[in-house]
Amino acid sequence: MSAAAKNLPDERGRFGPYGGRYVPETLMAPLEELERGYAAARIDAAFAQRLDDLLHNFAGRPTPLQFAERLTAHLGGPRIYLKREDLLHTGAHKINNCLGQGLLAERMGKRRIIAETGAGQHGVATATVAARLGLECVVYMGTEDMERQRLNVFRMRLLGAEVVGVDAGSRTLKDAISEAMRDWVTNVRSTHYLLGSVLGPHPYPAMVRDFHKVIGIEAREQILRAEGRLPDLLVACVGGGSNAIGLFHAFIGDESVRMLGVEAGGRGHGLGEHAARLAAAAGYAGARPGVLHGTYTYILQTPEGQIATTHSVSAGLDYAAVGPEHAWLAKERRAEYTAVDDDAAVDAARTLARIEGIIPALESAHSLAELIRRAPQMSLDQVVIANVSGRGDKDMDILARYL
Ligand SMILES: *Cc1c(COP(=O)(O)O)cnc(C)c1O
């Protein structure tokens, strides 16, 4: 499967049975226009060069692959390397995708960008890129999330974006996405919808992955330089799945490299208590394949097929659906998925802060928690790369209350 794996999705946007384009008729033309625009940009050397330049000089790529010397000694297991996406401008991997899509919008003649945001990080990255490129920016955000991430709301407004509160449903990310899609249908001539993860209808899952795969391309070169060989294991947290697929993708063809995605285990295994869509083997209830926001994938839902509510201490992992490529990697058993609960994630954040001097985002802390759990069973000569998808500054309020 490895050779084929690299070439997915197929022309219909399918990763095996997952993915695709399940949208109302009104969205077909905008998506087809976007698909054509992206296909043209992909083979445009000037576009690639401009993106490279911004990634380097504006966002801060390449990010270091840091040997976590003290964490390695502390856990007494494999040699642990941290891919430091937290060091990027705006504090997380999300800027990779925002720069890519921002330049694409510009290339397609769209002067207005809309986005949705959960943790606020994607909204901040989008507002940042819109400011840098001189584009108008409107960000939809659930009012519950606005409350949880007040500082990010302020940042977006400071950057010149309009933040629109969404008071419907659970007042979180999935409601903001519905609102953004409505806006797009109405204003498509002037507007690009800058989707924030490897979700939504084709071509988004493939396009967002492509803008993040630089993470794994860099990490692969860096680990070969540092260790002279490939890693045994990659670990990353999975909300929609963009930082994880960004790290994984360059290694999909390397069968010796195991991949582990870590979802939000929240505060329990019952439906509504967690956001674990692919970790059924670990006992998390409620995930079945279905369609949400234009893509066919694993979704947390009630027995009647209603989208379930979710819970996580980290807003960035708190979403009912997972990217379709991850659903497929799970089905093919090319990647493994598990979940970590709120308490373990908070503990891991504290451990990394004290032992390595890095305060990770609570999202990233989920992957570190699972690594901390597994490391003692691994051998000293093994090599692991953990993706530190973002920094924890945005989570200080939550951490302070929690501890
Ligand atoms: C948004 C976010 C995530 C989750 O999104 P993915 O698409 O799964 O990567 C993870 N970590 C951080 C720091 C984030 O901001």
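**Ligand, cavities and pockets**

Modeller: To begin with the ligand, one of its oxygen atoms is 2.8 Å from an N or O atom in the side chain of Asn 243, where a polar contact is a pair of N or O atoms within 3.5 Å. This is a predicted model, in which local features need pLDDT of at least 70 and side-chain atom pairs count only at pLDDT 80 or more, while totals for chains, interfaces and linings use all residues. Residues are numbered from 1 along each chain as its sequence is written, and side-chain values use heavy atoms, with hydrogens and water left out.

Colleague: How far is the Ser 197 side chain from an oxygen atom of the ligand? And what about the backbone of Gly 239?

Modeller: For Ser 197, an N or O atom of the side chain is 2.6 Å from a ligand oxygen, whereas for Gly 239 a backbone N or O atom is 2.7 Å from an oxygen atom of the ligand. The protein covers 97% of the 380 Å² of accessible area that the ligand has on its own, with areas from the Shrake-Rupley method and a 1.4 Å probe.

Colleague: How many residues are around the ligand, and which come nearest?

Modeller: There are 16 residues around the ligand, each with a heavy atom within 4 Å of it, and those that come nearest are Lys 94, Ser 197, Gly 239, Ser 242 and Ser 389.

Colleague: What is the volume of the largest cavity, and which residues lie nearest its centre?

Modeller: The largest cavity holds about 360 Å³ of space, a volume being the space filled by probe spheres set on the grid points. Its lining has 31 residues, with Lys 94, Gly 196, Ser 197, Gly 240 and Gly 316 nearest the centre. Both domain 1 (22-57 + 94-209) and domain 2 (62-91 + 213-402) contribute at least three residues each to this lining, the domain bounds coming from an automatic or database domain assignment.

Colleague: Which elements and residue classes make up the lining of the largest cavity?

Modeller: β5 (112-117), α6 (121-133), α9 (173-187) and α12 (242-248) each supply at least two residues to the lining of the largest cavity, where helices (H or I, at least four residues) and strands (E, at least two) are DSSP runs numbered from the N terminus. By class, the lining of the largest cavity has eleven nonpolar, 16 polar and four charged residues, with Gly counted as polar.

Colleague: What lines the second largest cavity?

Modeller: The second largest cavity, about 50 Å³ in volume, is lined by Pro 30, Glu 33, Leu 34, Met 108, Lys 110, Trp 184, Val 188, Thr 191 and His 192. The most residues in this lining, three, come from α2, and β8 (191-193) supplies at least two.

Colleague: Now the open spaces: where does the largest pocket lie relative to the two domains, and why?

Modeller: The largest pocket lies between domain 1 and domain 2, because both give residues to its lining. This pocket has about 450 Å³ of space, and among its 19 lining residues Ala 48, Leu 51, Asp 52, Asp 210 and Phe 211 lie nearest the centre. Two or more lining residues come from each of α2 (25-42), α3 (45-59), α10 (204-212) and α11 (214-227), with the largest share, six residues, from α3. The lining of the largest pocket divides into ten nonpolar, two polar and seven charged residues.

Colleague: And what volume does the second largest pocket have?

Modeller: About 300 Å³, and of the 13 residues lining this second pocket, Leu 278, Ala 281, Ala 330, Lys 331 and Tyr 337 are the closest to its centre. The largest share of that lining, three residues, comes from α13, and its classes are nine nonpolar, no polar and four charged.

Colleague: Last topic, the backbone: which residues does the cis peptide bond with omega of about 15° join?

Modeller: That cis bond joins His 202 and Pro 203, and Pro 203 is in the loop between β8 and α10. The Leu 8 to Pro 9 peptide bond is cis too, with omega near 5°, and Pro 9 is placed in the loop between α1 (2-5) and β1 (14-15). His 293, although not a glycine, has a positive phi of about 50° and sits in the loop between β11 (287-292) and β12 (295-300).

Conventions. On a 1 Å grid over the protein atoms alone, a cavity is a set of points where a 1.4 Å probe fits but cannot get out, and a pocket is an open set with protein on both sides within 12 Å along at least five of seven lines; lining residues have an atom within 4 Å of a point. A polar contact is a pair of N or O atoms within 3.5 Å; within protein, one must be able to donate a hydrogen and the other to accept it, and residues adjacent in sequence count only if both atoms are side-chain atoms.
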